[in-house]
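Dear colleague,

Please find below the structure that I am handing over to you. My notes on it follow directly after.

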Amino acid sequence: MDATEGLPAIDSHRDLHIWIIEDQKMVPVPERAYGNFFEEHCYIILHVPQGLKTTQRASRDLHYWVGKKAGVQAQGVASTFMQHLHAAMGGAPVQHREVQGHESDCFHSYFRPGVVYRKGGLASALKHVETDMYSVQRLLRIRGRKHVSATEVELSWNSFNKEDIFLLDLGKVMIQWNGPKSSISNKARGLAMTCSLQDRERGGRAQIGIVDDESKAASLMEIMDAVLGRRASSLYAPVPSKSINQLQKANLRLYQVYEKGEDLVVQELATCPLTQDLLCAEDCYILDQGGFRIYVWQGRTCSPQERKAAFSRALGFIQAKGYRTCTNVEVVSQGTESAAFKQLFQTWCNEPCSKRPLDGRGKLSQVKLDVGKLHSQPELAAQLRMVDDCSGKVEVWCIQDIGRQPVDPEHHGQLYADNCYLVLYTYQKMGQVQYILYLWQGHQATAHKIKALTSSAEELDLVYRGALVQEHVTMGSEPPHFLGIFQGQLVVFQGSAEQHGKGQPASAGRLFHMQGTDSCNARTMEVPARASALHSRDTFLLVTAGTCYLWFGKGCSGDQREMARRVVTVISERNKEIVLEGQEPPQFWEALRGRAPYPSTRSLPEDVSSFQPRLFECSSPAGLLVLTEVVFFSQEDLDKYDIMLLDTWQEIFLWLGEASSEQKKAAAWGREYLKTHPAGRSPATPIVLVKQGHEPPTFTGWFFAWDPYKWTNNQSYEEVVESRLGAVSAISEVTAEVHSFRLSRWPSNGRTGPSALQALRGSQDSSDDELELGPKVGSSRTSTSSCHSSPRSINGSVPRTQLMHQAAEDLPEGVDPARKEFYLSDADFQDIFGKSKEEFYSMAKWRQQREKQQRGFF
């Protein structure tokens, strides 16, 4: 087969393209069916970032997906097509092999609110999705946290368990049954999936029933018993899914792959930590991430035969290692590596290594701070790590045995290495008061003081009613804004304030290392008074009993010298003697106890622009941190039930949803993340705790679109269910059908028989037309179970005057108060909302609610 002849055309204006392999051809999948996968088939998925996503330097990704019942031939055809498509695109996309139920986070991030695994194949199902089809009877098991999947299972009570969510889909009625041990967050995610299926596959006209408590949903349980049979035994606990924790992911091994004669050699080259210079452009490598994922890296000049053999080599490696056949495989080419691959190395330099233009994620320097711009352009605040121009109010407390003690404003910038401090910064953003609480920890602080620091921060947070953004800062790794609020005059002394007050012996010299060029990057640290502590790139202050020497290294700049002259007055008010490197008087070396070698080469600052920000959902099911990545993240991915970790490389943000249950573990999770990171991250990296609704611009700037009003009307799961109570005629009809057919059709053993199922299905089919027309005027609107439906037209459109700004009791009969706008004519809808109904209902729910509220339809 010549696969090159069957390559499809690619629409350059779409992010996502999906093809199913059918009869050895790539057949495009309709967009409305994206996220549906038949288990007997293979698929090819191409993702090409569009618009703002391209500024993230995001990679293009090409996946081939293997259903659990797909044949070997279909898998081979899918792999061949993908290789030819990859070559046709210049070898740029990152290639992935995905197996049903074990897909990568990158794959799952395309499909929100989740994926649906369907039984059989196209030959039996004919179409991926048939909107408005009501002759459906299936049972879906919904599970997952950030990445949700719905799997079609046997239509029986035997498929149920205590913890998962199950959806009994009967066409015009969809019953979501929540396991008695399922969490609120899982119920909410299950409902999002159910609503998505309702919209995509039923055109929004099916009704949803919710079973949270079987004893309070008698009519729904009656339907379920009729379809599934009577439950003969108690529910069982599900088999826990295996989660790969961060410690396992940190186990890296790099192998070089080459041919020696007719033999293929796989030679171990290095273990964690890895450096980029281990990779040579002429070779191919396999990177084993603890058996969790296998990467194949292809150098720019490796042969076409080696490129073609990448997946076969990876699968052979998996088999030789005894790993599961569903292990993820990712193939990357030099110059187009994914963010996940790059962050497995200690440092990574994007190519070419020459100057790169700023693209919204890069590093800015020497930018004059404009508080207006920082607030109106949060992406600038995120790059600079500055929430404002540091002109706000500053309060400082020192942690003592008896609690926190306020520090005199005259000594705000003078900290001691064996203490801990709380620094509260208050500023205004768009007229609103905002707070940042810095928890500063000295290198010599005891465990007791560190614990007291955390306790004091919690107490202060209670005083401010949870409005404090908390940032954990370690001595020597202070962020720019922390340095800026002290105007570059932060000085950290060794020892304690008590020792400093007692003074030093007259003969003892004290050496201070002065770094920085401006108020937002300058810090001064006391170091051992030894010549080996000097460095040619910086300035130092040596304080002796008789003289103060201000020492300028050969590599320091004029800005460094000027900043040093400003800071020295904080340490000593005596006159200073300027000393240039190489021209030191003998007394200078005597105070340092003699000459000694010290660094003289100027080191370059770390280039962090190569690292993309990454967002993860946090959990600890077995006591160890488990992270699930959300690729191409947005504000929509922040759910109030979640704790999310945003890694910008220079800082770690922990976002705490208002309904998350493990907020006290967040800081510890941040530390564990740094400790187990395969790149060997510094444990002193600042950790910032951000609560929902109190996000600073240094956090929101990493999101390309941020709506500060998104959570204004944020409803809980219970409120969502309650607000959806509406017409339940379809459920009542199905209940009546159950009564009609039960005595004559149901088998004596209480199980549903084929004749009963067919009778129920036929009855549903016969009422499809009535369902599309909507409930009849005067039909009953009460039920003992929670359910909702999309609104339906009642005898044509309703005049806008009868809908706008009208209370529920004043609406025409048959109008659903929760969806008043639906009853407008198309012309009125376009005139009022400025868009069609289709465009309106494709928007996020919270945006719909806001527009309805603004226009009098809430």
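His96 stands opposite Glu330 in strand E17; strands here are DSSP runs of at least two residues (E), helices are runs of at least four (H or I), and both are numbered from the N terminus. The model is a predicted one, in which local features need pLDDT of at least 70 and side-chain atom pairs count only at pLDDT 80 or more, while totals for chains, interfaces and linings use all residues. Residues are numbered from 1 along each chain as its sequence is written, and side-chain values use heavy atoms, with hydrogens and water left out.

Strand E17 covers residues 328–333. Three bridges join it to strand E6 (residues 94–99), and these two strands run antiparallel. Strand E16 (residues 293–298) is joined to E17 by six bridges, and here the strands run parallel; two strands count as paired if DSSP finds at least two bridges between them. Within E17, Val329 is the bridge partner of Ile294. Six of the six residues of E17 are buried, where buried means under 20% relative accessible area, exposed means over 50%, and partly exposed lies in between (1.4 Å probe, protein chains only). Both faces of the strand are covered, with Asn328, Glu330 and Val332 on one side and Val329, Val331 and Ser333 on the other.

Tyr425 belongs to strand E21 (residues 420–429) and is buried, at a relative accessible area of 0%. Two backbone nitrogens approach polar atoms of the Tyr425 side chain: that of Ser391 at 3.2 Å and that of Gly392 at 2.7 Å. Such a polar contact is a pair of N or O atoms within 3.5 Å; within protein, one must be able to donate a hydrogen and the other to accept it, and residues adjacent in sequence count only if both atoms are side-chain atoms. Leaving aside residues up to four places away in sequence, Tyr425 also touches others, including Asp388, Tyr435, His481 and Ile485; contact means heavy atoms within 4.5 Å.

Leu274 sits in the loop between strand E14 (263–271) and strand E15 (284–289) and is likewise buried, at 0% relative accessibility. Its C-alpha atom is 8.2 Å from that of Pro678, although the two residues are 404 apart in sequence. Among the residues that Leu274 touches, beyond those up to four places away in sequence, are Leu252, Leu344 and Phe345.

Turning to the aromatic residues, a search of the whole structure finds 47 aromatic pairs. Rings of Phe, Tyr and Trp (its six-membered ring) pair if their centres lie within 6.5 Å; planes under 30 degrees apart count as stacked, over 60 as edge-to-face and the rest as tilted. Phe822 and Tyr841 form a tilted pair, with 6.1 Å centre to centre and 50° between the planes. Phe822 lies in the loop between strand E35 (786–789) and helix H23 (826–833) and Tyr841 in helix H24 (residues 837–841), so the pair ties together parts that are 19 residues apart in sequence. Phe822 is partly exposed, at 24% relative accessibility. Lys837 lies over the face of Phe822, at 5.0 Å from the ring centre, and Arg681 over that of Trp649, at 3.8 Å. A charge sits over a ring if NZ of Lys or CZ of Arg is within 6 Å of the ring centre and within 35 degrees of the ring normal.

Finally, the structure holds zero disulfides, a disulfide being a pair of cysteine sulfur atoms within 2.5 Å.

With kind regards
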